[in-house]
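Hello,

Here is the structure I promised to pass on to you. My notes on what turned up in it follow just below.

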Amino acid sequence: MTVPRAARPHPPSVERVLAVARSRAGGRDPEAVAAVARTVVDSERERLITGGTPRDIETLGALVVTALEAFDGPGVRGREAPALPAGLTQVINATGVVVHTNLGRAAWPVAAIEAARLAAGGATLLELDRGTGRRGARFRVAQEHLTALTGAEDALIVTNNAAAITLAVGLAGRGGGVAVSRGELLEIGGGVRIPEILRRAGVRLVEVGTTNRTRVADFEATLADPKARIRAILRVHPSNFVQTGFVEAPDPAGLAALAHHHGAIVIDDLGSGALLPTERVGLAHEPMPRERLDAGADLVTFSGDKLVGGPQAGLIVGRGDLVARLRRDPLARAMRPDKTILAAVAATLALYRAGRALTAIPVWRMMATPLPDLRRRAEALVAALPAGSAEVTELDATVGGGSAPGQSLASIGLALTPPGGGSSASLVAALRSGEPCVVGRIERDRVVLDLRTVAPEDDAALAGAVTRAIAR
Ligand SMILES: *Cc1c(COP(=O)(O)O)cnc(C)c1O
């Protein structure tokens, strides 16, 4: 319903609302208070247009203060700080998807969070060589870890792996040919496709082979063709799908030898880039950066926040001369991670060198947790929940985030019974809208919460959230 203009009451002026709000919004920038007051008056006007009853000036002033306080983060002087700033909610990932793209991919190791916190809160030796007092290399610590962990001559870190690919294929030069197998022209997710990345990088995609079978010999014909002007071969790891049946992909070493014979380079995009053998957690082998470099790849790119388990970043390792060229590229500046990310990448990589990755990096810890541990936690949770509302159940977890497609990790969790004959859909929605927000899934008409992706320290919070959702 719309109230005719003549019959409609007017909202109070911004000045009058401000006069009420200012007295209670102490210590804030008056401009910011005025901006929020304007939005409150605007929404009051909208209400009146649709026939809402006018609210008094005190109520509107209080709304301004509430809105301002919702923006206060932790550590704001003079008031009890909430745990999280406005718009952020604590989430418990009970989906059983270890690297969940919609839930922010990898949870960082504590060491990475601490490193980022220190870097964020003060000065760091980001680009200062403390020996000489002069400008030093920005990426030194993280790079040193990367070269040590992969055997590469040099390394570079950019904002994400899509940026790393864009930068690396640029080595082919404007209009230079980049050969890619038709079996690897994939969509990464969110509509991002390899052919589009190449186009935006200003290089020319030359498709080789067929969807299901591509051999080294297919590349040979393309590389030998002078008109194709191939400067690079891009390999893209099929990280979010599997091909089975009548399939064939070129052997990495054979492909590298061929590329080098024709003066081209091999760029190998691994997507996840496992720095530990995935067999250690019962998965099939995922290619490791060191293996691809040993097989002759000139550059290998991978994400910082998939199987590496740290912050989002694009990690590039490989030949010293090529990495040096990438570092000089103006695009590299546009893809440069900030000090907190660099500190967190370095701290995450350090855990691999310390031999603690399996226990201290959440992604690996989740994958490596033994079933009896999950069962014990599930039993304790069932005991803590209202009688008859939950039972222990066996589940299949997945790695997710474009890693180890088609494979699962045996897991254990809870199967919940919706109260009073309610639906699973409404229970899963109630869990999602609670505090903390619990994201589970529906399996065979039951709500299941997979404990493989829940940190043990969140079990008590999970029990509370489930109890409240069931009571609703
Ligand atoms: C995930 C993925 C990317 C993109 O990595 P981001 O870090 O998300 O930019 C690129 N290639 C492959 C094969 C991937 O799996």
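**Domains and model**

The chain is divided into domain 1 (7–70), domain 2 (91–99 + 365–471) and domain 3 (110–360), with bounds that come from an automatic or database domain assignment. Between the centres of domain 1 and domain 3, taken over C-alpha atoms, the separation is 51 Å.

Please keep in mind that this is a predicted model: local features need pLDDT of at least 70, side-chain atom pairs count only at pLDDT 80 or more, and totals for chains, interfaces and linings use all residues. Residues are numbered from 1 along each chain as its sequence is written, and side-chain values use heavy atoms, with hydrogens and water left out.

**Around the ligand**

The ligand is surrounded by 15 residues, and the closest are A162, S239, D269, S303 and K306; a residue is near the ligand if one of its heavy atoms lies within 4 Å of it. Sorted by type, the shell has four nonpolar, eight polar and three charged residues. Here Ala, Val, Leu, Ile, Met, Phe, Trp, Tyr, Cys and Pro count as nonpolar, Asp, Glu, Lys and Arg as charged, and the others, Gly among them, as polar.

For K306, an N or O atom of the side chain is 2.8 Å from a ligand oxygen. On the backbone side, a polar atom of N161 is 3.1 Å from a ligand oxygen, and one of A162 is at 2.8 Å from a ligand oxygen. The ligand taken alone exposes 380 Å², of which the protein buries 93% (Shrake-Rupley method, 1.4 Å probe).

Two or more residues of the shell come from each of α6 (161–169) and β8 (265–271), and α6 gives the most, with three. Helices (H or I, at least four residues) and strands (E, at least two) are DSSP runs numbered from the N terminus.

**Elsewhere in the chain**

T50 is in the loop between α2 (30–49) and α3 (57–71), and its side chain reaches the backbone oxygen of R47 at 3.1 Å.

R213 lies over the face of F246, 3.9 Å from the ring centre (the rule asks for NZ of Lys or CZ of Arg within 6 Å of the ring centre and within 35 degrees of the ring normal).

Two backbone details are worth a look. E435 and P436 are joined by a cis peptide bond, with omega about -5 degrees; P436 is in the loop between α17 (424–433) and β13 (437–439). R444, in the loop between β14 (441–443) and β15 (446–450), has a positive phi of about 45 degrees although it is not a glycine.

Best wishes

Technical notes: A polar contact is a pair of N or O atoms within 3.5 Å; within protein, one must be able to donate a hydrogen and the other to accept it, and residues adjacent in sequence count only if both atoms are side-chain atoms.
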